[in-house]
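Open the model in your viewer and keep the selection tool ready. The tour starts at the ligand and then moves to a pair of helices.

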Amino acid sequence: MAKSHPANLKPATALAHPNIAFIKYWGNRDDALRLPLTGSISMNLSGLETITTVVPDRRLKADRLTLGGVSQTGAAFERVSRFLDQVRRLANSVVFARVTSANNFPAGAGIASSASAFAALALAASKAYALDLPEASLSSLARLGSGSASRSIPDGFVEWKPGETHAESYAWSIAPPEHWELVDLIVILDQTHKITGSSDGHKLAHTSPLNAERIAAVPGRLDVCRQAILQCDFQALAEVTEADSEHMHAVMRTSTPSLIYQTKLTLDILAQIKSWRDQGCAVCATVDAGPNVHVIAEKKDGQKALSRLRQIEGVLDVLVSAPSPGARLI
Ligand code: DP6
């Protein structure tokens, strides 16, 4: 590939949203490339944003990273700088960059920020280094930073296929954000950082006796979930989403060492959501690698669910989100 001429290097700023998975990503067949064990399906989350600026600068002797106004040197810096190495390799460039990034949601809210972080970084960095990547290649690139970031590149409702190689493992939009008026009520139960981050958790999936069973079940669940989204069939979406979240947490709990992310209050809320649905309310719940509960509802039932959730003792806050577009330059 032709070396990107230094004159083409220019500052670029991108915005991306986190996403919530209905069918989860848990475990890799290749940890270095983040090639997942299974496909996954998610929805991008409006209102929650990461904005990232990348400024290549020939005078720099190393990359620089500022997160939320704080200069970084540790693990976060290393992860970003390693990611920029991949971008530089593609662009055939040796120029370091200043990266400035901020979220509009609190880091302690337990919302996976690595998805929006690496989606915004992939788009901003690829533009800054004059790479004109099609959406699938951008999604693959974002995946190298954080697996779930691959799903924050395309719009709305998104599927990520596992693929056999780097280029084959990317996400695409299965429906635009306006296709279905869903809401995600993000029930914050704990604002402290999780003990085991996702990257370390993925490496333990293989140690669970339930993992092989989940890998075998996911392709069928992806078909059901995709159809449920295309047909706006809430009952089908609810059943498959809860089944996969439960199965992933069963894999986590039966790993060695065991990973327990859910608290008593998490389990209590999950039970309440099921009973509200039995009473005719279009709600379901899913939980990532933390205690907080994502309550997915049809918009018509969102307000009722929101006021019920806010009354539960121990709930610190409920953030309200809806399907959103993917990553974009600003
Ligand atoms: C439980 O994408 O955060 O939220 O690739 O190591 O950054 P890394 O992992 P990450 O894993 C997300 C795990 C999950 C399920 C999901 O979002 O699909």
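A polar contact is a pair of N or O atoms within 3.5 Å; within protein, one must be able to donate a hydrogen and the other to accept it, and residues adjacent in sequence count only if both atoms are side-chain atoms. This is a predicted model, where local features need pLDDT of at least 70, side-chain atom pairs count only at pLDDT 80 or more, and totals for chains, interfaces and linings use all residues. Residues are numbered from 1 along each chain as its sequence is written, and side-chain values use heavy atoms, leaving out hydrogens and water.

**Stop 1**

Select Arg151: an N or O atom in its side chain is 2.8 Å from an oxygen atom of the ligand. At Ser198, a polar side-chain atom lies 3.3 Å from an oxygen atom of the ligand. The protein buries 97% of the 460 Å² that the ligand exposes when taken alone (Shrake-Rupley method, 1.4 Å probe).

**Stop 2: two helices**

Select α7 (residues 264–278) and α8 (residues 299–310); helices here are DSSP runs of H or I, at least four residues, numbered from the N terminus. Their axes, lines fitted to C-alpha atoms over the stretch in contact, come within 12 Å and cross at roughly 145°, an angle taken between N-to-C directions on a scale from 0 to 180 degrees. Show side chains: Ile269, Ile273 and Trp276 in α7 meet Ala305, Arg308 and Leu309 in α8, with contact meaning heavy atoms within 4.5 Å.
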